[in-house]
Amino acid sequence: MTTGNTKQELSGVSEVIDRRSFLRVASAAGMGLMLSPMVRGQGRSGSSNDLNVALLGSGEQGNILLQACLKIPGIRFKAVCDIWTEYNQKRAARLLKKYGHELNTYEDYREMLDKEQDLDVVLIATPDFWHAEHAVACLEAGLDVYCEKEMSNTLEGAQKMVKAAQRTGKLLQIGHQRRSNPRYIHTYERIIKEARILGQITTINGQWNRAVQPDRGWPEKYAMSQDRLQKYGFKSMAQYRDWRWYKGLGGGPIVDLGSHQIDIYSWFLGANPVSVMASGSSGYYDSKTHEWHDSVLALFRYETQEGTVQASYQTITTNSSEGYFEKFMGDEGSLLISEAAGRAGIYREATAPQWDKWVKMGILQAPAEEEVETQASEVVLDVRETLAPPQHDLPVVFTGLYHQPHLENFFATVRGKGTLNCPAEIGYETAVAVLKVNDAVEAARTLTYKPEEFHV
Ligand SMILES: NC(=O)c1ccc[n+]([C@@H]2O[C@H](COP(=O)([O-])OP(=O)(O)OC[C@H]3O[C@@H](n4cnc5c(N)ncnc54)[C@H](O)[C@@H]3O)[C@@H](O)[C@H]2O)c1
């Protein structure tokens with residue numbers, strides 16, 4: 001297993017604060033997005049260290065990356081490329097121009113690469129089945145690339161990307177943004193690796209429960225022509241909008257959502273899975289328009305230096321109860337973590353060594369006084385359960401935009417001031433682990449991974 005997070009590189013722009021301040025700040029600020037006025041005028045008159053950036057794919061996620069970039073100093077957008085010229089492309093270009101970026105717009109990425117001769121980096125947020133072609137072409141053009149997950153919808157595509165990065169020597173960061181999230185980094189570096197608070201990890205469970213959603217739709221007057229749709233691999237506007245549900249274009253919710261979290265399993269364990277079994281069901285959508293299963297349950301097995309770990313993961317389309325999280329259970333404690341900043345908790349088994357030392361060192365945050373009092377007076381309803389001690393907390397809470405630290409890590413590395421937290425090789429390992437879940441559903445039996453499968 002390659003580890004990409006040995007040293008985090010944050011430019012200091014992202015907000016990292018302790019948990020109690022977070023609760024105050026979050027309620028006062030309403031967690032609203034405030035685009036930094038510092039970006040205005042930064043473009044042409046900025047320092048020579050400014051990076052010339054193109055956005056390839058300005059849909060929902062492209063827009064989120066763009067918003068995060070608007071908070072990062074030294075980023076000058078020069079081009080936006082998107083096939084939906086009359087809607088997504090226009091929206092992104094309008095916003096960037098409002099913030100002082102002078103840019104050109106393109107429908108075809110080849111024309112962009114041809115005409116834009118002073119680009120430094122490209123951010124790719126097109127549908128998964130385009131990633132390989134787009135990333136390889138950009139790397140071959142001498143550009144550093146930030147490409148959204150899933151790295152590719154096929155392993156062949158992902159392999160081409162790894163090889164292109166290695167061949168060209170250019171950077172390829174894959175968009176598993178939790179790898180740069182300060183609280184995930186703290187949890188991995190300090191809690192799991194340094195303090196080993198959980199003891200021997202034996203079990204993981206994680207989930208992304210999501211409510212049933214209507215199809216994405218589109219304003220009829222902005223529909224693309226059939227010719228243009230076909231040119232870019234889509235059969236219809238409906239398929240173009242809901243591409244992630246179609247075989248050959250995306251991987252369904254297990255890939256779309258699960259890849260973020262299954263990536264964390266491997267990262268925290270320092271190992272890749274040895275087998276997976278999985279089952280899928282499609283309860284809500286017409287299988288003609290939603291070819292992938294809407295709910296998938298998977299069970300992975302890992303063999304680590306400390307022993308076997310069983311890891312379950314579910315992505316459920318029904319309601320959003322309990323949202324999304326990852327939970328690691330060891331013989332001395334359990335740790336719950338989520339990208340959602342308000343969700344975390346660390347439980348100490350009563351027989352485990354005291355954690356005062358780790359609290360003093362700032363690795364853990366002790367339970368709040370009032371929590372201890374409430375807990376002590378609680379009635380134990382079932383004598384088979386020991387009274388659970390109050391939960392410790394993560395001392396690091398990140399309240400910024402989720403993707404900002406990962407982009408900052410990428411830009412810092414482009415400037416020679418860091419190492420990528422999720423280089424192509426790590427993105428590939430996660431793609432191998434995740435794409436096999438759909439194969440296991442199809443095969444209806446346990447599938448194994450060979451160690452060499454994780455390397456190109
Ligand atoms: N990291 C995360 O948290 C996260 C979250 C959501 C999506 N994503 C990823 O981001 C990517 C985009 O997802 P989305 O939800 O924004 O999809 P989307 O459909 O909203 O946007 C995709 C955009 O790409 C454009 N496009 C399609 N083919 C193109 C081509 N050949 N050339 C140029 N433009 C093209 C479309 O017109 C559209 O504007 C996917 O890979 C997805 O998995 C990542």
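Helices (H or I, at least four residues) and strands (E, at least two) are DSSP runs, numbered from the N terminus. The model is predicted: local features need pLDDT of at least 70, side-chain atom pairs count only at pLDDT 80 or more, and totals for chains, interfaces and linings use all residues. Residues are numbered from 1 along each chain as its sequence is written.

The shell around the ligand holds 25 residues, of which G57, G59, Q61, N88 and E148 come nearest; a residue is near a molecule if its C-beta atom, placed from the backbone, lies within 6 Å of it. Two or more residues of the shell are given by each of α2 (60-69) and α5 (128-140).

The protein as a whole has 15 helices and 16 strands. Of its 456 residues, 45% are buried, that is, 20 or more other C-beta atoms, placed from the backbone, lie within 10 Å of their own.

Helix α3 (residues 85-98) has 14 residues, and its span from first C-alpha to last is 18 Å, close to the 20 Å expected at 1.5 Å a residue; the expected span is 1.5 Å times one less than the number of residues. Q89, A92, A93 and L96 are buried in α3. The buried residues of this helix pack against β2 (51-56), α2, β3 (75-81) and β4 (104-106), where contact requires C-beta atoms, placed from the backbone, within 7 Å. Just after α3, a positive phi of about 90° is found at G100.

Terms used: Buried ≥ 20, exposed ≤ 12 C-beta atoms within 10 Å, placed from the backbone. Contact = placed C-beta atoms within 7 Å.
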